[in-house]
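Welcome! Take a look at the structure below, and then let us walk through it together.

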Amino acid sequence: MRAGTLLLLLALVFRGVGAAAGPPIVAAASDLQFALADVVAAFREQTGHEVKTVFGSSGHLFRQIEQGAPFELFFSADEDYVRRLAQGGRTVDAGAVYAIGRIGLFVPHGSTLKADGRLDDLRRALDEGRVTKFAIANPDHAPYGIRAREALQHAGLWRRLEPRLVFGENVSQAAQFAATGGAQGGIIAYSLAKAPPVAALGRFALIPEDWHQPLRQRVVLLRGAGDVAAAFYRFVQGANARAVFRAFGFETPEPLRPGRAPGGR
Amino acid sequence: MDWPALLLSLELAGATIAVLLPAGIWLGRALAWRQFRGKALVESLLALPLILPPTVLGFYLLVAMGGASGLGRAYSAMTGRTLTFSFEGLLVASVVFNVPFAVQPIQRAFEAVAPEVREAALVCGMSRWRLLRRIEIPLAWPGILSAAVLMFAHTLGEFGVVLMVGGNIPGETRTIAIAIYDRVQAFDTGAAGVMSAILLFVSLGAITLSYLTASRFGGLRRG
């Protein structure tokens with residue numbers, strides 16, 4: 001047993017020495033799965049710095065940050081999570097809105113559903129029993145799930161659809177279920193539907209934006225973030241990054257707040 | 001293909017074996033030969049991770065190592081890092097969920113060592129340490145090897161506990177099993193397929209090796 005303890009200590013010391021100062025780790029809402037990869041690539045090209053990304057539902061990432069996960073930057077699909085972290089003293093400042101997301105109906109090729117953003121076909125499909133499984137992100141902790149629920153409630157379909165819902169851990173998994181998991185369709189992020197690997201699997205139609213609360217997305221530097229993370233924080237608010245976000249179907253805020261000039265150093 | 005994740009898994013498996021194998025030899029040997037009150041309870045506790053749902057184990061580990069726990073606070077005060085979401089925390093978790101894989105094969109192996117052999121060695125004046133090194137461990141070796149192989153394969157494959165305690169942090173807690181889950185969500189079926197195939201062959205190899213040593217073990221005893 002003593003030998004075991006000794007080895008444990010040795011292993012820890014060894015890791016501690018080896019693990020110093022790697023690239024910063026960025027926690028990001030799953031709707032950025034594809035868009036952020038492009039932004040990171042552009043950042044790497046411009047600065048030579050590497051950034052590591054972790055994707056999940058904003059609610060999950062929020063909890064992990066509260067529990068001390070070693071992230072330096074947080075992209076939340078719902079700015080409320082950033083506000084709560086800021087109140088808890090875990091952020092450098094209040095952060096900045098970087099994009100406004102949209103949701104829509106995704107139907108895989110060969111589905112019994114039509115890609116109808118006003119959900120009239122979904123209503124008829126429910127009447128005719130054409131829907132057995134429908135995917136959305138988990139509305140308990142995924143902002144896109146919450147907005148999907150609001151849209152379905154607005155259309156008066158929530159209660160009828162509820163028994164047929166399958167919940168993804170995050171909007172990316174919901175998209176995965178909708179595209180390949182045997183569901184007839186799902187409500188997913190526009191930014192995912194625009195990505196070639198998803199777009200190839202089905203068709204997509206935007207849901208009217210006034211059917212749900214806006215998906216205002218906020219990025220914030222977390223306490224203890226290093227220089228590379230700070231540079232990336234400025235970069236994601238610059239013109240290049242905003243062009244990428246727009247290409248993935250996000251609206252970007254205008255104008256930028258003073259003191260957060262595009263381009264960065 | 002996420003090579004850093006594979007490397008991290010190998011590192012975790014190696015560290016787990018390094019920590020748990022000596023402890024497993026000590027525990028397995030004690031359980032094989034000693035009788036004491038409450039032995040059945042101790043054996044049950046050590047076997048518990050085998051049947052406990054990974055989420056239950058993960059939940060308790062998260063509570064035990066989290067920022068609100070004594071252990072979590074002490075570790076943060078010492079190192080400035082948190083135990084959850086770190087390699088070290090993952091190692092603690094990995095040691096806990098591997099206990100039955102370490103203890104049981106080793107215990108069976110020591111149980112199979114004939115008491116007469118030990119008694120003869122002691123009568124001949126062999127010291128206990130020499131007895132352990134020269135007689136007992138060589139005789140129990142196939143069981144020890146089998147324990148190491150099982151721990152290795154199980155560490156590479158564990159998912160639920162790792163996800164709950166470690167999150168999904170590249171280079172720190174994103175093991176290959178987590179990376180597969182991550183790649184599937186990212187619509188990266190190719191990478192998920194390659195990594196799954198690697199785990200399939202590693203697991204098959206480990207089980208085969210474990211069976212081979214078991215049959216060789218039987219042969220040794222007969223000879």
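In which helix of chain B is the place of B:Leu21? B:Leu21 sits in helix H1 of chain B. Before going further, please keep in mind that this is a predicted model.

**One residue as a starting point**

Is B:Leu21 buried or exposed? B:Leu21 is buried, because 21 other C-beta atoms lie within 10 Å, and the cut-off for a buried residue is 20 or more. Leaving aside residues up to four places away in sequence, B:Leu21 touches B:Ala102, B:Ala147 and B:Ala148.

**Chain B as a whole**

Stepping back, chain B has ten helices and zero strands. Along the sequence this reads as α-α-α-α-α-α-α-α-α-α. If you draw a box along the principal axes, the C-alpha atoms of chain B fill roughly 65 × 40 × 30 Å. Chain B has 223 residues, and 44% of them count as buried. Among the contacts in chain B with a separation of 6 or more, 75% are between residues 24 or more positions apart.

**Two helices that meet**

Two packed helices are described by the angle between their axes and the distance between the axes. For helix H3 (residues 54-65) of chain B and helix H5 (residues 87-111) of chain B, the axes come within 11 Å and cross at roughly 135°. H3(B) is therefore oblique to H5(B). The crossing of H3(B) and H5(B) is right-handed. On the H3(B) side, the contact is made by B:Leu57, B:Leu61 and B:Met65, while H5(B) brings B:Gly89, B:Val92, B:Ala93, B:Val96 and B:Phe97. Sorted by class, the contact of H3(B) with H5(B) has seven nonpolar residues, one polar residue and no charged residues.

**Where the chains touch**

How many residues of chain B are in contact with chain A? There are 24 residues of chain B in contact with 24 residues of chain A. On the chain B side, the elements that give two or more residues are helix H1 (3-33), H5 and helix H9 (176-185) of chain B. H1(B) gives the largest share, seven residues. By class, the side of chain B that touches chain A has 15 nonpolar, eight polar and one charged residues.

**A sheet in chain A**

Now over to chain A. Strands of a sheet pair through backbone hydrogen bonds, either parallel or antiparallel. Here, five strands form an open sheet in the order E2-E1-E3-E10-E4 (chain A), and the pairing is mixed. The edge strands, each pairing on one side only, are strand E2 (52-56) and strand E4 (96-101) of chain A. Neighbouring strands of this sheet are turned by 20° against each other on average, direction ignored.

E4(A) and strand E10 (residues 215-221) of chain A run antiparallel and are joined by five bridges. In E10(A), A:Arg216 is the bridge partner of A:Ile100.

| Helix of chain A | Strands it lies across | Angle |
|---|---|---|
| H3 (residues 58-66) | E1 (25-29), E2 and E3 (73-76) of chain A | about 150° to E3(A) |
| H4 (residues 79-87) | E3, E4 and E10 of chain A | about 35° to E10(A) |

Terms used
Residues are numbered from 1 along each chain as its sequence is written. Chains are lettered from A and ligands numbered from 1 in the order in which they are written. This is a predicted model: local features need pLDDT of at least 70, side-chain atom pairs count only at pLDDT 80 or more; totals for chains, interfaces and linings use all residues. Axes are lines fitted to C-alpha atoms, for helices over the stretch in contact, and angles run from 0 to 180 degrees between N-to-C directions. Helices (H or I, at least four residues) and strands (E, at least two) are DSSP runs, numbered from the N terminus. Angles under 35 degrees count as roughly parallel, over 145 as roughly antiparallel, 65 to 115 as roughly perpendicular and the rest as oblique. A crossing is left-handed if the near helix is turned anticlockwise from the far one by less than a right angle, and right-handed if clockwise. Two residues are in contact if their C-beta atoms, placed from the backbone, lie within 7 Å. Ala, Val, Leu, Ile, Met, Phe, Trp, Tyr, Cys and Pro count as nonpolar, Asp, Glu, Lys and Arg as charged, and the others, Gly among them, as polar. A residue is buried if 20 or more other C-beta atoms lie within 10 Å of its own, exposed if 12 or fewer, and partly exposed in between; C-beta atoms are placed from the backbone. Two strands pair if DSSP finds at least two bridges between them.
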